[in-house]
Amino acid sequence: MRNAQYQPAKDRDLSDAQEIHYSKEFKQADIAGGFRRPRVKAAKYENPKLK
C-alpha cells in the first residue's frame with residue numbers, strides 16, 4: 001500500500017502548522033489540476049476499504 005504525502009517544502013524549516021497549511025494547499029491544487037484522480041483510483045483499487 002502506498003502512502004501519498006505532500007511535502008512542498010522539503011529543504012526548509014517550517015513549523016508544523018505551516019507544513020499542514022502548505023500540504024493542504026498543494027493537495028487542493030493537485031485536485032483542481034486533475035493530477036490526483038488517477039492516484040486516488042489506484043489507491044482505492046489496491047485498498048477497497050478507503051473512502
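Q: Is Lys51 buried or exposed, and why?
A: Exposed means over 50% relative accessible area. Lys51 has 91% relative accessibility, so Lys51 counts as exposed. The model is predicted.

Q: How many helices and strands does the protein chain have?
A: The protein chain has two helices and zero strands.

Q: How should I read the span of helix 1?
A: Start with the general idea. An α-helix has 3.6 residues a turn, so residues three or four places apart point the same way. Now the case here. Helix 1 covers residues 16-33, 18 residues in total. From first C-alpha to last, helix 1 reaches 26 Å, close to the 26 Å expected at 1.5 Å a residue.

Q: Which residue follows helix 1?
A: Gly34 does, with a positive phi near 80°.

Q: What about burial and surface for the protein chain?
A: Of its 51 residues, 8% count as buried. The protein chain exposes about 5,100 Å², with 49% supplied by carbon and sulfur atoms.

Conventions
Residues are numbered from 1 along each chain as its sequence is written. This is a predicted model: local features need pLDDT of at least 70, side-chain atom pairs count only at pLDDT 80 or more; totals for chains, interfaces and linings use all residues. Side-chain values use heavy atoms; hydrogens and water are left out. Helices (H or I, at least four residues) and strands (E, at least two) are DSSP runs, numbered from the N terminus. The expected span of a helix is 1.5 Å times one less than its number of residues. Buried means under 20% relative accessible area, exposed over 50%, partly exposed in between (1.4 Å probe, protein chains only). Accessible areas come from the Shrake-Rupley method with a 1.4 Å probe; for residues, only the protein chains shown count as cover.
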